[in-house]
Amino acid sequence: MSSRALRRLKGEQRAQADLNALKLADEDDRDDEVQMKSDKTPHKQKNISNIFELIGEADMDVNASDEEKAEGISDRQQEGGPLEKDTVKNEKSNKKKKKKKKKTPAESGRDDLSVGDEIDAFLETLEKKKGLSYQSTVNSASEHRPVLYVEHRNLNPETELKRYFGARAVLGDQRSKQRQRQLHRCTWMTVFKDTWPRFSRPGISMSLVESNDGIQHFTFEHNRDYQQVQFKFFDAVESMDPNNFVVLLQFNPYHIDSLLQLSDVCRMQEDQETARDLIERALYSFECAFHPVFSLTSGTCRLDFSRPENRAFYLVLFKHMLFLEKRGCPRTALEYCKLILSLDPDTDPLCMLLIFDFLCLRCREYTTLIRLYEEWEVHRNLSQLPNFSFSVGLSYYHLSQQEDISPVENQQLKQKSNVLLQNALIMFPGVLMPLLDLCTVQPDAAVSSHAFFGPSSQIRQPPALSELVSLYVGRCHSLWKEAEVMLWLEENVRNVLKRVDSHDPYVEDCQNKRKQRYQSAPRNIHRHVLMSEIKEATATLPLEVTTQPGMSFDPLPPLDSIASYIRPERENMEASNESTLSLFFRSLLPNFNLQRPEDRQEVARAGHELNQEVNRLMVAMRDMLANIQFREPQWEDNHDRDEEEWD
């Protein structure tokens, strides 16, 4: 039984006991007054389920009978009769209770009006406070919080899935299994699964490097055991055999780079579930190694991408974000995009700004995208990116289609969206035709035959701009397939053609900007294209990126990479030299000895000795070849021998 039910039961028993005591006292001492009270208050003897109702009714009865009791007592005093015991007791008990004064009809009416006015005023102020509190919460969420604010509950994809399908459909039988599972560390990004191996710290830790002006710089560190496992992983990579990663993970189930590499292998084999599970396991291993001061939501924690230990955390978050978006959780994916961007917003090593707009449009966070554009346009020039130029205009258009806005606001938003879309089409004319092609829309003859949007607009694009345009079209073309959006796009394309034919100076200005900019893309854009694996954008990568060898566990490492430890020379290389060249020389010259010293002087001395030994070997081989004489065999002239004896 709950505590609330116990309190209710005790209250009922206490009230019933008080009623019974009063009833017995009245029957024994005052028969006449008992008869009078029984006529006036018959409802006190019913079964009362709420003690608060009893208190309310008792007060009403006392107030109603105060005047009658006073009259009875005064009459008895005049007659000279003594007061009875129970009347004295009732009088003492009534003195302890609060008595109301009798008011005149005018005063009572005036007070009733004032009370009514006060209630109306209170309701009005309450409604105003509710409105102000709602507006304050909305404003605090949109203005007071940073644009890259990360919420813990939004990092869990189950939060978004419950919003769509309900908790019963998402959790299923997990509620009954939660009591039986073992206790593990509470984490925000992932939850330990029963199918995973038993977790033991793999040797990763996090340390605080420095703290300046409220910004804290952290870094991950590998202990000696983890470094040895990392060296074995490099050997497995060079073997080009995925089975070696499986063997390595059997002994080290939470090695980060092995989980990343094997996840890519499973994804190439179209085993998406296993690939996603391996990434979540790596993410859990990282989260268990967090520093106590490190915060995911503060936005003041930084990780240097030039360190290989930190790069693995970036890659795990990025791949986890892509899996969430494909799973149908764009709101959760947007939260991880904010998290990655907040780790290094200045350099943005994975160029998260190229996918930020797509995730905002997918989860209908239009105000977040517009706010980031307005705050960062001054110092980051986001309008130079094709994805922001088109997506911000599309966000304004979707806001104008909402039903809870006034007609004046609707007109302003629609006009703003038209201006932004026309400017985007003039600045990046090469976007239109590939976008319509992927949307399976046949353009109008006046548009396709015009020189501004024709094939020449795509040919004249600089290489870096072609890469950005292909990336945006390949990723965001599904957002333009709605019929209303296509009609809006068609209307603005016609207006752009009118501006081009009328020689608008803005058209020539944008043409000069395209010629001066976008000559070469930075390394983080190439890295983003490689990791996104969008075939339209991958085909536009330059040769210096596609020809150089790269690994999926560390794509395009930065040129200023900081290595905290160096991989030693492989021992099997020395064994191979010993088994081939060294053994051959030693078989000819027993005094030959091949060494691999580390110092430069010893290397030079060993090289000089090696040259001397090789020269001696060559001289010996020349002498041996010069002294070799071939003699013809001497056949005996025996004509009587039997020729068949050799048969």
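**Close-ups of a predicted model**

**View 1. Glu151 and its partner Arg145.** Glu151 counts as buried because its relative accessible area is 17% (buried means under 20%, exposed over 50% and partly exposed in between, with a 1.4 Å probe and protein chains only). Its side chain meets that of Arg145 in a salt bridge, 2.8 Å from N to O (a side-chain nitrogen of Lys or Arg within 4 Å of a carboxyl oxygen of Asp or Glu). Arg145 has a relative accessible area of 34%, so Arg145 is partly exposed.

A quick note on reading these views: this is a predicted model, where local features need pLDDT of at least 70 and side-chain atom pairs count only at pLDDT 80 or more, while totals for chains, interfaces and linings use all residues. Residues are numbered from 1 along each chain as its sequence is written, and side-chain values use heavy atoms, with hydrogens and water left out.

**View 2. Lys338 and the charges of helix 14.** Lys338 sits in helix 14, residues 330-343 (helices are DSSP runs of H or I with at least four residues, strands are E runs with at least two, and both are numbered from the N terminus). Which side chain of opposite charge is nearest to Lys338? That is Glu335, 4.3 Å away, and buried Lys338 has no salt bridge (Lys and Arg count as positive, Asp and Glu as negative; His and chain ends are not counted). Glu335 does form a salt bridge with Arg331, with the closest N and O atoms 2.5 Å apart. With a relative accessible area of 1%, Glu335 is buried. Beyond four places in sequence, the contacts of Lys338 include Tyr149 and Phe356 (contact means heavy atoms within 4.5 Å).

**View 3. Helix 23, end to end.** After helix 23 comes His503, with a positive phi near 55 degrees.

**View 4. Residues 641-647.** Here pLDDT stays under 50, and the model has one contact beyond four places in sequence for this stretch (pLDDT is the predictor's confidence in each residue, from 0 to 100). Where pLDDT is low, the predicted coordinates should not be read in detail.
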